[in-house]
Amino acid sequence: KISKLVESLEDVQNSIGDIRGVFDGNSDDEISGKIKGSIKPGIIKESMDTLIDSLEKEIDKMESEDDKKRLSEKINLIKKTKTNILIVGSTGSGKSSTINALFSCENKDTDDYVEYAKVGTKASPETKAFEKYTLGNLTLWDSPGLGDSPESDEETIETIKELLEEKDDDGNLLIDIVLLVVDGTSKDLGMSYKLLNEALIPVFEEDTDRIIIGLNQADIAMKTGRHWDYELNKPDEVLIKFLEEKVQSIHDRIMEDSGLDIMPIYYCAGYKEPGGEIVRPYNLSKLLMYILEAIPEEKRIPIMEGINTESENYRSNDDDDDYNEKIVHDFTESYDSTISECVDAGAEIGQFILGVPGAIVGSIIGGSIGLVKSIFEELF
């Protein structure tokens, strides 16, 4: 009886092991050519679904309705946990490039894993629609860009407020976190402050830690010169000073307007210049760390399932902290606390259904979890 469950769990281990094999070639000195684009988006979600399906089939065979209900609740808790992220900002701020750098959304037209839709709005038929990306249990809401015209801006802000006020099935706010992307090259940030003061802050009220501000296009923020080291993929001291002053200025303006202590993160989402020069992402790990730490542990699992698995994206960051180490810690800590329910269920299934010590089944599931964790240790 145990053979089918073991076979299913071994399939999970093998698929996760394949991912780790890709990252094993990622040295500190050179990015392996086989890494970029070689990892199937959603493989982690797919692997976990395989594991959950196997456990559900075994639970369904249980004779005791009480045990069946209790274990099913543990599994359903993992299955139903969803995370919603809203990305807002002005036109040209780099919202789309940020989404693609952080998450596996780029192949929305060809990849079955990414469900993509334009979502209508309630304000008026003329208002531009949101773009909605669904990756497993992670949903990204890309709002229309602001700054095109005063009329359309007012409509867009109203539709953002409507979305922010929506509730999920449990009566909680649907949107877990908002990422406000600010154009690092612009001096006029009036629309960003308007959006903060009129839409974001009033809805979140005391829970404004769920607002993350990212200052994108850090590499071209200065008009007086590039001050970007292409080889090291980092700003020079002049640009760092400029960016730190700009971040502090935005922080002080928000503090003056609302009394809130929100410190923006400057970063570069990465792009290819017209001449062919590739600018890789910078400080993306820092931005991701801020996002993770702004939401509850159980809400981090869907982000892990939808994360962009190109390790190149997380290579270059400032020296203020070891963001990659903290990301691995945040992921694995939330994974341990959430998936431990699944491990417990597996051990109990082994005892109640298979007639073998629960530790046998539990150790197989635990091995799969260990492999998932090792992926992120290699990735970051």
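Predicted model: local features only at pLDDT ≥ 70, side-chain atom pairs only at ≥ 80, totals over all residues.

Modeller: Residues are numbered from 1 along each chain as its sequence is written, and side-chain values use heavy atoms, with hydrogens and water left out.

Colleague: What makes E4 a strand, and why is E4 called largely enclosed?

Modeller: Strands (E, at least two residues) and helices (H or I, at least four) are DSSP runs, numbered from the N terminus. E4 covers residues 138–142. Buried means under 20% relative accessible area, exposed over 50%, and partly exposed in between (1.4 Å probe, protein chains only). Five of the five residues of E4 are buried, so the rest of the structure largely encloses this strand.

Colleague: How do you know that E1 and E3 pair with E4?

Modeller: Two strands pair if DSSP finds at least two bridges between them. E1 (residues 83–89) has five bridges to E4, and the two run parallel. There, Asn84 stands opposite Thr139. E3 (residues 130–135) also has five bridges to E4, but in the antiparallel sense. Tyr133 has Leu140 as its bridge partner in E4. E3 and E4 form a hairpin with two residues between them. Gly136, in the turn, has a positive phi of about 65°.

Colleague: Why is H6 called oblique to H7?

Modeller: The axes of H6 (residues 190–204) and H7 (residues 237–258) cross at roughly 45° and come within 11 Å. That angle makes H6 oblique to H7. Angles under 35 degrees count as roughly parallel, over 145 as roughly antiparallel, 65 to 115 as roughly perpendicular, and the rest as oblique. Axes are lines fitted to C-alpha atoms, for helices over the stretch in contact, and angles run from 0 to 180 degrees between N-to-C directions.

Colleague: Why does Asn233 count as buried?

Modeller: Asn233 has 2% relative accessibility, so Asn233 counts as buried. Asn233 lies in the loop between E7 (228–229) and E8 (234–235). Its phi is near 55°, a positive value in a residue other than glycine.

Colleague: And what makes Asn283 buried?

Modeller: Its relative accessibility is 0%, so Asn283 counts as buried. Asn283 sits in the loop between strand E11 (278–279) and helix H8 (284–293). Asn283 is not a glycine, yet has a positive phi of about 65°.
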